[in-house]
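Colleague: Could you take me through this model step by step, with the criteria behind each term set out as we reach them?

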Amino acid sequence: MMQYFHRQVRLWGEEVQRALQEKKVAIIGSGGLGSSLGFALGASGIGEIHVVDFDEVSVHNIHRQIAFKVGDEGKNKAVINARIIEERCPYAKAVAHECDFDTFAAKGIDVDLIIDATDNLPVRGKIDAYAKAAGTPWIYGSVEAFHGQVCFFDKASFNDVFKIMLKEPAGIAAPIVMHIASLQANLALRHLAGMPVKKELLYYLFFNDEGELITQKFKLPS
């Protein structure tokens, strides 16, 4: 195992790498963000990853959802992601949940961290309420067009910060999806490895009219 994770072991040592084998996370959503999160966290040695999604692959998903290819249409997204995670890393157990978040939450599965990979504000509100009741931190992520947001929620209330409403997703560029998922995965790994993570800080990233990448930070009320 240490040979497989050689470069990570050089980063934080064998003890931390072994500790990651005991960690459990839930990725809510297996589309664009969820696909990239599965690749990143599955190959990092997280011991148990629960992948949740009721939806099936459609043609319009494939360009930004890296786990899928032409021919996967009609297959459940969570099932595909879980299979790929285990194929890429023999030290990760991936469990697919072909259901919505409410059904997954009712199972009462204990995890160390919840990661949002949905595109739905009401569901994120439910994730926040569930996480607060369970005493579990969670990482929010959203993308649209050429911009995105990331935040590690612990004490702050998502429902107090965001106006919960139904909103149809606008156009989106594939690379920004991977970029936001990468930031989520880095926060997740730092937290699970016992490294410092700035909590209740909303990162807002966007490209301005001149193509410059801008990052803004907003402290959320706890």
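The questions and answers below go through strands, loops, charged pairs, cysteines and a surface patch.

Modeller: Before we start, this is a predicted model, in which local features need pLDDT of at least 70 and side-chain atom pairs count only at pLDDT 80 or more, while totals for chains, interfaces and linings use all residues. Residues are numbered from 1 along each chain as its sequence is written, and side-chain values use heavy atoms, with hydrogens and water left out.

Colleague: How many bridges join strand 2 to strand 3?

Modeller: Helices (H or I, at least four residues) and strands (E, at least two) are DSSP runs numbered from the N terminus, and two strands pair if DSSP finds at least two bridges between them. Strand 2 covers residues 48–52 and strand 3 covers residues 93–97, and the two run parallel. The number of bridges that join them is 5.

Colleague: Which helix makes a β-α-β unit with strand 2 and strand 3?

Modeller: The unit is right-handed, a term used if, with the strands pointing away from the viewer, the path from the first strand over the helix to the second runs clockwise. The helix that makes this unit with strand 2 and strand 3 spans residues 77–88 and is helix 3.

Colleague: Which residue of strand 3 does Ile49 stand opposite?

Modeller: Ile49 lies in strand 2, and its relative accessible area of 0% means that Ile49 is buried (under 20% is buried, over 50% exposed and anything in between partly exposed, with a 1.4 Å probe and protein chains only). The C-alpha atoms of Ile49 and Ala92 are separated by 7.3 Å, although these residues are 43 residues apart along the chain. In strand 3, the residue opposite Ile49 is Ala94.

Colleague: Which residue forms a salt bridge with Arg83?

Modeller: Side chains of opposite charge can pair when their charged atoms come close; the criterion for a salt bridge here is a side-chain nitrogen of Lys or Arg within 4 Å of a carboxyl oxygen of Asp or Glu. With 3.4 Å from N to O, the partner of Arg83 is Glu87.

Colleague: How many disulfides does the structure hold?

Modeller: A disulfide is a pair of cysteine sulfur atoms within 2.5 Å. Cys89 is buried at a relative accessible area of 0%, and Cys99 counts as buried at 10% relative accessibility. The number of disulfides in the structure is 0.

Colleague: Where is Glu200, which has a positive phi although it is not a glycine?

Modeller: The phi of Glu200 is about 55 degrees, and at 4% relative accessibility Glu200 counts as buried. Ala145 also has a positive phi, near 55 degrees, but is found in the loop between strand 5 and strand 6 and counts as partly exposed at 27% relative accessibility. The place of Glu200 is the loop between helix 7 and strand 7 (201–207).

Colleague: What is the area of the nonpolar surface patch made by Phe146, Phe207 and Leu213?

Modeller: Patches are made of residues with over 30% relative accessible area and no salt bridge, like charges being joined within 9 Å and nonpolar side chains (Val, Leu, Ile, Met, Phe, Trp, Tyr) within 5 Å. Accessible areas come from the Shrake-Rupley method with a 1.4 Å probe, and for residues only the protein chains shown count as cover. Phe146, in the loop between strand 5 (138–144) and strand 6 (147–153), counts as exposed at 53% relative accessibility. The patch has an area of about 300 Å².

Colleague: How far apart in space are Gly171 and Phe104?

Modeller: Gly171 lies in the loop between helix 6 (158–161) and helix 7 (174–192), and is exposed with a relative accessible area of 51%. Gly171 and Phe104 are 67 residues apart in sequence, and from C-alpha to C-alpha their separation in space is 29 Å.
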